[in-house]
Amino acid sequence: MKAIIVAGGHGSRLFPMTKFTHKTLLPLNGKPIIDYALQTITNAGITDITIIGNKFIDKIRQHVGEKASYVLEEEPRGVAAALQLARAGNQNCNLLIWFSDNITNIDLSNEVDSFTSGAILLTREVGNPSEFGIAVQKNGEIVDVIEKPSEFVGNLAIGGIYIFDETFWQRLDSVQGDQNFSISNVTRQYLKEGIAKIINVGDNTWIDCGTPEGLVRAGKMVESGVFKIDG
């Protein structure tokens, strides 16, 4: 399995902090956000990592070094276009796709080791469902996902960290032209085919650091020992 960290875009939700650096380099208790993501990925046994970055990609490279390869997103053109930049070298294999705002203390090593096909989707309950892809449940099963719903359909979010099989790219090709594309256009396919495994973070923690509020909450969690970095 290989990993792609999506770290493009403008980082507008964290402006002006992202005016001079990338959002993944903002510190949580002295360690950049990206270090927490990289530790979870490498602890799961994945060593082949591609980082898609914006104009600050050289700063990311300077910090991360040879632990990853790098792809420049010269101009933000959406999630699908960003992912396609990393396609070379990441085909015909299973993929962990990680949107860089996210950190979690969940151990993914067993899931990575045993994964063969389909998709693994992480879920968590959120208080602001209109900002996430939200699971649609029927008879206790997740059957669909609605991206940033304007009306309440639930509060179980799917997003940020995904494991996909090698059919991911052909699935992406089939929907990337859709208006208002999101990664939910791909996860929906796995859900409707009944080949997506759902993992709720449960007693573990998963937080979106892409907003000032999320960054503050994550910082407090680091201080309390919820998230830890080796060394």
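Tutor: A helix here is a DSSP run of H or I, at least four residues in length, and helices are numbered from the N terminus. Keep in mind that this is a predicted model. Just after helix H2, Gly65 takes a positive phi of about 75°.

Student: What phi do most residues other than glycine have?

Tutor: A negative one, for most residues other than glycine. Now look for exceptions. Asn92 is not a glycine, and its phi is positive, near 55°. Asn180 is not a glycine either, and its phi is about 60°.

Student: Where do Asn92 and Asn180 lie?

Tutor: Each is in a loop. For Asn92, the loop runs between helix H3 (79–85) and strand S6 (95–99). For Asn180, it runs between helix H5 (168–175) and helix H6 (184–192).

Student: Is Asn92 buried or exposed?

Tutor: Use the cut-offs: buried is under 20% relative accessible area, exposed is over 50%. Asn92 has 70%, so it counts as exposed. Asn180, with 69%, is exposed too.

Student: Which residues of H2 are buried?

Tutor: Ile57, Ile60 and Val64. Look down the axis: they cover an arc of only 60°, so they sit on the same side of H2. The other side of H2 carries Asp58 and Gln62, which are exposed.

Student: What do the buried residues of H2 pack against?

Tutor: Strand S1, helix H1, strand S4 (49–53) and strand S5.

Student: At what angle do H1 and H2 cross?

Tutor: Compare the two axes. H1 spans residues 33–43 and H2 spans 57–64. Their axes come within 11 Å and cross at roughly 55°. An angle of 65 to 115 degrees would be roughly perpendicular, and one under 35 degrees roughly parallel. H1 and H2 are therefore oblique to each other. The crossing is right-handed.

Student: Which residues meet where H1 and H2 touch?

Tutor: From H1, Ile34, Asp35 and Leu38. From H2, Ile60, His63 and Val64. Sorted by class, this contact has four nonpolar residues, one polar and one charged. Ile60 and Val64 are also among the buried residues of H2.

Student: Which residues of H5 are buried?

Tutor: Phe168, Trp169, Arg171, Leu172 and Val175. Seen down the axis, they fall within an arc of 160°, so they line one face of H5. On the face turned away from that buried side, Gln170 and Ser174 are exposed.

Student: What covers the buried residues of H5?

Tutor: The cover includes strand S1 (2–7), H3, S6, strand S11 (156–164) and H6.

Student: How far apart are Gly154 and Phe164 in space?

Tutor: Read sequence and space separately. Gly154 and Phe164 are ten residues apart in sequence, and their C-alpha atoms are 24 Å apart. Now take Arg77 and Gly8. They are 69 residues apart along the chain, with 9.5 Å between their C-alpha atoms.

Student: Where is Arg77, and is Arg77 buried or exposed?

Tutor: Arg77 is in the loop between strand S5 (69–72) and H3. Its relative accessibility is 62%, so it counts as exposed.

Student: And Gly154: buried or exposed?

Tutor: Gly154 lies in the loop between strand S10 (141–147) and S11. Its relative accessible area is 13%, so Gly154 is buried. Set aside neighbours within four places in sequence. Gly154 is then in contact with Pro129 and Ile134.

Key: Residues are numbered from 1 along each chain as its sequence is written. This is a predicted model: local features need pLDDT of at least 70, side-chain atom pairs count only at pLDDT 80 or more; totals for chains, interfaces and linings use all residues. Side-chain values use heavy atoms; hydrogens and water are left out. Axes are lines fitted to C-alpha atoms, for helices over the stretch in contact, and angles run from 0 to 180 degrees between N-to-C directions. Helices (H or I, at least four residues) and strands (E, at least two) are DSSP runs, numbered from the N terminus. Angles under 35 degrees count as roughly parallel, over 145 as roughly antiparallel, 65 to 115 as roughly perpendicular and the rest as oblique. A crossing is left-handed if the near helix is turned anticlockwise from the far one by less than a right angle, and right-handed if clockwise. Contact means heavy atoms within 4.5 Å. Ala, Val, Leu, Ile, Met, Phe, Trp, Tyr, Cys and Pro count as nonpolar, Asp, Glu, Lys and Arg as charged, and the others, Gly among them, as polar. Buried means under 20% relative accessible area, exposed over 50%, partly exposed in between (1.4 Å probe, protein chains only). The arc is that of the directions from the helix axis to the C-beta atoms.
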